[in-house]
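Colleague: Could you walk me through this one and tell me what stands behind each label? I would like to see the values set against the definitions.

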Amino acid sequence: MRWEELDREPCSLARSLSIVGDRWTLLVLRECFLRVRRFEEFEQRLGIARHVLADRLKKLTDAGVLRKEPYQERPRREEYRLTEKGLDLYPVMLALLDWGDKWMSGPEGPPLLRRHKVCGHVTHAVHTCSECGEELKARDMTVELGPGAPAAMKAAGGKGE
């Protein structure tokens, strides 16, 4: 498996990583979820080289995760906004944040807390079954081939992701 060919792998995780799997993209997305929208603000907050940032923003825009919207006409300036596809990455970000809060925070605790506006409580991500509502845990899951599995994998009776 070659990194530049991940988007063609018969694996949803590999295909997802082809868009968000490098070392800067998730940090760019973190800033998007913190409502950062302008190139200079990304650059300042992340301390990232301009060409690297431009590349990541272009990749996310080309993939439909971000869209550019003009905020000034003369000179024309654009900002980056999350699309519906981008907003759907929020549970992924929450899962990584919760993992980091648990395993990577120091003794003082996590650097940021997430408060649910609706109920007012500090919260963390909980993944539940869409059918029964039970919490999803690795040991309680099995994997089977889906309709998008390649014919060769189906013929071999292989397991999915």
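**Labels and their cut-offs**

Modeller: Gladly! Among contacts (heavy atoms within 4.5 Å) in the protein chain between residues at least 6 apart in sequence, 34% join residues at least 24 apart. This is a predicted model, in which local features need pLDDT of at least 70, side-chain atom pairs count only at pLDDT 80 or more, and totals for chains, interfaces and linings use all residues. Residues are numbered from 1 along each chain as its sequence is written, and side-chain values use heavy atoms, with hydrogens and water left out.

Colleague: How many helices and strands does the protein chain have?

Modeller: The secondary structure comes to 7 helices and 4 strands, in the order α-α-α-α-β-β-α-α-β-β-α along the sequence. Helices here are DSSP runs of H or I with at least four residues, strands are runs of E with at least two, and both are numbered from the N terminus.

Colleague: Why is Arg56 called buried?

Modeller: Buried means under 20% relative accessible area, exposed means over 50%, and partly exposed lies in between, with a 1.4 Å probe and protein chains only. Arg56 has a relative accessible area of 15%, so Arg56 is buried. Its place is in helix α4 (residues 50-62). Leaving aside neighbours within four places in sequence, Arg56 is in contact with Asp22, Trp24, Thr25 and Val28.

Colleague: What makes the pair Arg56 and Asp55 a polar contact?

Modeller: The term asks for a pair of N or O atoms within 3.5 Å, one able to donate a hydrogen and the other to accept it within protein; residues adjacent in sequence count only if both atoms are side-chain atoms. The contact of Arg56 with Asp55 is between side chains, at 2.8 Å.

Colleague: And why does Arg35 count as exposed?

Modeller: Its relative accessibility is 58%, so Arg35 counts as exposed. Arg35 lies in the loop between α2 (25-33) and α3 (39-46), and its phi is near 70°, a positive value in a residue other than glycine.

Colleague: Which peptide bond is cis?

Modeller: The bond from Arg74 to Pro75 is cis, with omega near -10°. Pro75 sits in the loop between β1 (66-72) and β2 (77-82).

Colleague: Why are α3 and α4 called oblique to each other?

Modeller: Angles under 35 degrees count as roughly parallel, over 145 as roughly antiparallel, 65 to 115 as roughly perpendicular and the rest as oblique. α3 and α4 pack at an angle of about 120°, with their axes 10 Å apart, and are therefore oblique. Axes are lines fitted to C-alpha atoms, for helices over the stretch in contact, and angles run from 0 to 180 degrees between N-to-C directions. Phe39, Phe42 and Glu43 in α3 meet Arg50, Leu53, Ala54 and Leu57 in α4. By class, these residues divide into 5 nonpolar, no polar and 2 charged. Ala, Val, Leu, Ile, Met, Phe, Trp, Tyr, Cys and Pro count as nonpolar, Asp, Glu, Lys and Arg as charged, and the others, Gly among them, as polar.

Colleague: Where do α2 and α3 meet?

Modeller: Leu27, Val28, Arg30, Glu31 and Cys32 in α2 meet Phe42, Arg45 and Leu46 in α3. That contact has 5 nonpolar, no polar and 3 charged residues. The axes of α2 and α3 come within 11 Å and cross at roughly 115°.

Colleague: Which residues of helix α1 are buried?

Modeller: In α1 (residues 12-20), they are Ala14, Ser18 and Val20, and they pack against α2 and α4.
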